[in-house]
Amino acid sequence: MALDTSFPLSRSLWAATAAPAPQTQPLTASTKADVLVVGAGYAGLSTALHLAGQGVNVVVLEAREIGFGGSGRNGGQVIPGLKYDPDELMAMYGPERGPRLVQFVGGAADMVFDLIDRHGMDVPRRRMGWIQGAHTADAVKLTEGRARQWERLGVEVQVLDRAGAQALIGTDRYRGGWVDTRAGGIQPLSYVRGLAKAALAAGARVHTDSPVARLSREDSQWVARTAGGAQVTAGRVVMCTNAYVGKLWPGLQESIIDACTYQVATRPLPPEIRDTILPQGHVVSDTRNLLLYFRLDHEGRLLMGGRGPFREPKGPADWAHLERVLVKMFPQAAGQPIEHRWCGRVAITRDYLPHLHEPAPGLLVDIGCQGRGVGLQTAMGRAFAQYLVSGDASSLPVPVTPIQGLPLYGLRRLYVGAMVNYYRMVDGGL
């Protein structure tokens with residue numbers, strides 16, 4: 001997918017309500033750096049911030065604007081952990097790396113809120129916890145087990161029955177669930193802009209509207225040539241483009257499913273309706289295969305997100321399924337006008353885990369957030385900085401692996417579309 005055909009960030013709710021971005025300019029003159037970071041999203045800017053804070057000369061190149069990709073388009077839910085439960089991660093990664101990975105992903109939300117406070121970022125936020133709503137009896141058992149695993153690790157959790165879920169969410173559509181108190185909600189575009197301001201203040205150089213047209217290894221150095229003709233020469237490169245990688249490195253785009261996630265937002269709800277939906281300010285996603293995620297923003301709008309067409313949207317009809325779901329889930333919001341519709345791409349790997357690659361000396365690639373990018377990618381940036389400064393591979397939360405293409409990648413739109421249609425028929429009646 002070419003970046004110049006991407007759905008514009010300007011149509012999102014977040015672009016309409018975000019704090020101003022710092023002033024940045026395209027790269028117009030060639031320069032040198034210790035480390036080049038490609039991509040000004042959460043991972044890239046966190047990497048730059050933590051490197052610059054240690055005196056490393058770092059340049060960030062962004063093809064469009066700060067947060068143009070998933071960092072400016074997501075639902076603003078800061079959820080720790082991964083798709084896998086702690087016991088599963090321990091079994092997958094063994095007794096040495098497994099506990100470190102669980103600790104790493106478990107602390108991801110803490111890092112986001114700590115950075116916001118430490119740097120005085122202008123980011124609306126609320127940290128009341130994440131509810132995972134269970135939509136079937138089997139899902140209730142799954143969420144109970146998940147909550148108990150985190151509880152054994154010292155996390156404050158709450159297991160919900162049907163009545164408890166209804167009281168905290170404001171709908172009778174869930175049979176139960178659990179609450180992870182580490183989580184919360186933020187204005188995601190304000191946050192990535194805050195990271196950019198902090199990175200700039202620490203000494204990083206950030207250039208927007210500077211797409212990398214070619215990346216090559218020359219005489220033990222990396223040279224990134226931008227579409228405008230300027231270039232950056234650096235000893236190390238970190239690629240943090242995620243679902244918006246394009247063709248910058250061979251085989252990388254073919255290693256993920258770059259599915260679209262769609263969102264709608266109402267206008268600010270009247271107080272009498274607002275008080276009946278998520279009254280304590282939790283954020284929510286559920287156990288459906290085609291999961292739904294929703295929350296109230298800082299001005300009282302109700303957001304509903306989920307899967308949509310794989311292609312770029314053609315018009316409001318592409319969000320109609322979410323508008324129907326919103327009213328089915330919250331009948332009290334019927335008749336509230338939809339104020340914003342937007343979408344973005346998410347990078348899904350074959351094993352639903354983040355992937356790190358070093359396909360050539362001095363080139364580190366980060367890809368695959370599986371919808372947990374706010375906390376995960378922020379924490380990844382700090383880990384990358386530690387690794388680049390120390391050279392210690394144990395600083396990385398997951399091992400470096402070879403790039404592997406997905407089977408039948410050229411048919412991904414067909415098989416993803418077929419899967420989506422199937423789950424819509426069997427996935428809980430919405």
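# Reading the terms of a predicted model

Visitor: Why does Val-157 count as buried?

Guide: In this predicted model, Val-157 has a relative accessibility of 14%, and since the cut-off for the word buried is under 20%, the residue counts as buried. Val-157 has its place in strand S6, and, leaving out residues up to four places away in sequence, it touches Ala-147, Trp-150, Glu-151, Trp-178 and Val-179.

Visitor: How far apart are Val-157 and Ala-213 in space, C-alpha to C-alpha?

Guide: The two C-alpha atoms are 47 Å apart in space, and in sequence Val-157 and Ala-213 are separated by 56 residues.

Visitor: What makes Glu-156 exposed?

Guide: The relative accessible area of Glu-156 is 58%, and exposed requires a value over 50%, so the residue is exposed. Glu-156 lies in the loop between H5 and strand S6, which covers residues 157-160.

Visitor: How do you know whether Asp-258 is buried or exposed?

Guide: Its relative accessibility is 1%, to be set against the limit of under 20% for buried, and Asp-258 therefore counts as buried. Asp-258 belongs to strand S13, residues 257-266, and beyond four places in sequence it touches Ala-243, Gln-253, Phe-310, Arg-345, Val-346, Tyr-409 and Arg-412.

Visitor: Why is Asn-242 called buried?

Guide: Asn-242 has a relative accessible area of 17%, and as buried means under 20%, the term applies to this residue. Asn-242 is placed in the loop between strand S12 (231-239) and S13.

Visitor: What is the phi of Asn-242, and what is the phi of Ser-220?

Guide: Phi of Asn-242 is near 50 degrees, a positive value in a residue other than glycine, and Ser-220, which is not a glycine either, has a positive phi of about 70 degrees. As background, most residues other than glycine have a negative phi. Ser-220 is found in the loop between strand S10 (212-218) and strand S11 (221-226).

Visitor: What makes H2 mostly covered?

Guide: In H2, 11 of its 11 residues are buried, and among them are Gly-44, Leu-45, Ala-48, Leu-49 and Ala-52.

Visitor: How do you know the orientation of H3 and H5 to each other?

Guide: Helix H3 (residues 86-106) and helix H5 (residues 137-152) pack at an angle of about 70 degrees, their axes being 12 Å apart. The range for roughly perpendicular is 65 to 115 degrees, and H3 and H5 are therefore roughly perpendicular to each other. H3 passes H5 in a right-handed crossing. Pro-86, Asp-87, Val-102 and Gly-106 of H3 make this contact with Gln-149, Trp-150 and Arg-152 of H5, a set that divides into 3 nonpolar, 2 polar and 2 charged.

Visitor: Why is the chain said to be as compact as a globular protein of its length?

Guide: The chain contains 11 helices and 19 strands. Its radius of gyration is 21 Å, which is close to the 22 Å that the globule rule gives for 430 residues, so the chain is as compact as a globular protein of that length. Along the principal axes, the C-alpha atoms fill a box of roughly 65 × 50 × 45 Å, and 59% of the 430 residues count as buried. Among contacts between residues at least 6 apart in sequence, 75% join residues at least 24 apart.

Definitions and conventions: Residues are numbered from 1 along each chain as its sequence is written. This is a predicted model: local features need pLDDT of at least 70, side-chain atom pairs count only at pLDDT 80 or more; totals for chains, interfaces and linings use all residues. Side-chain values use heavy atoms; hydrogens and water are left out. Helices (H or I, at least four residues) and strands (E, at least two) are DSSP runs, numbered from the N terminus. The radius of gyration is taken over C-alpha atoms; the globule rule is 2.2 Å times the number of residues to the power 0.38. Buried means under 20% relative accessible area, exposed over 50%, partly exposed in between (1.4 Å probe, protein chains only). Contact means heavy atoms within 4.5 Å. Axes are lines fitted to C-alpha atoms, for helices over the stretch in contact, and angles run from 0 to 180 degrees between N-to-C directions. Angles under 35 degrees count as roughly parallel, over 145 as roughly antiparallel, 65 to 115 as roughly perpendicular and the rest as oblique. A crossing is left-handed if the near helix is turned anticlockwise from the far one by less than a right angle, and right-handed if clockwise. Ala, Val, Leu, Ile, Met, Phe, Trp, Tyr, Cys and Pro count as nonpolar, Asp, Glu, Lys and Arg as charged, and the others, Gly among them, as polar.
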